[in-house]
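Okay, thanks everyone, I'll keep this short.

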Amino acid sequence: MGYDKPRNLGHKATGGALAAPIAKDFLKLALADKPAIPFRVPAGIKLIRVDSKSGMRAGPGDSGKTILEAFKPGTAPPDNYAVIGVADADGRSLTVSPDVDRTFLRPGTGGLY
């Protein structure tokens with residue numbers, strides 16, 4: 001998809017927006033008389049529901065935009081997360097004083113580095 005002499009295809013023109021619909025129409029006709037083949041997850045791959053924005057594992061009650069993502073062994077997001085200043089592994093509250101907070105987060109640094 002494109003021009004013989006390279007030039008801009010237009011505002012926000014991408015393969016997904018331009019070429020994918022053409023491929024979809026072509027494949028729909030080309031495969032019309034072929035039986036559907038169920039997708040088989042390759043050995044060792046795990047399909048895990050994750051939050052589409054953060055990439056973190058989606059919880060059972062998550063109603064936001066979640067997607068099913070494939071992961072190789074050892075690469076999936078963890079089942080749970082520890083958040084500094086909230087609770088430890090035993091559920092005890094952990095707090096950080098505002099003075100300590102200011103030593104880590106300084107204006108203009110962009111966060112923790």
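So, surface first: the protein chain exposes about 10,200 Å², and 59% of that comes from carbon and sulfur atoms. Bear in mind that this is a predicted model.

What about the inside? How much of the protein chain is buried? Of its 113 residues, buried ones make up 4%. Contacts next: take those in the protein chain with a separation of 6 or more, and 16% of them link residues 24 or more positions apart.

On to secondary structure. We've got 2 helices and 2 strands in the protein chain, and reading from the N terminus the order is α-β-β-α.

Now a spot I'd like you to zoom in on. Which residues make the nonpolar surface patch of about 420 Å²? That's Met1, Tyr3, Leu9 and Ile22. Leu9 belongs to the segment before α1, the helix that covers 15-30. And is Leu9 buried, exposed or partly exposed? Its relative accessibility is 35%, so Leu9 counts as partly exposed; the partly exposed class lies between under 20% for buried and over 50% for exposed.

Tyr3, another member of that patch, also has a charge on its ring. The charged end of Arg7 sits over the Tyr3 ring, 3.7 Å from the ring centre.

And how many aromatic pairs turn up in the whole structure? The search comes back with 0. So for rings, the thing to look at on your screens is Arg7 over Tyr3.

Methods
Residues numbered from 1 in each chain as written. Predicted model: local features only at pLDDT ≥ 70, side-chain atom pairs only at ≥ 80, totals over all residues. Heavy atoms only, no water. Phe/Tyr/Trp six-rings, centres within 6.5 Å; stacked < 30°, edge-to-face > 60°. Lys NZ or Arg CZ within 6 Å of the ring centre and 35° of its normal. Helix = DSSP H or I, 4+ residues; strand = E, 2+ residues; numbered from the N terminus. Buried < 20%, exposed > 50% of the residue type's maximum accessible area, 1.4 Å probe, protein only. Contact = heavy atoms within 4.5 Å. Areas by Shrake-Rupley, 256 points an atom, 1.4 Å probe, with all protein chains shown as cover. Patch = residues over 30% accessible without salt bridge, like charges linked within 9 Å, V, L, I, M, F, W, Y side chains within 5 Å. Salt bridge = Lys/Arg side-chain N within 4 Å of Asp/Glu carboxyl O.
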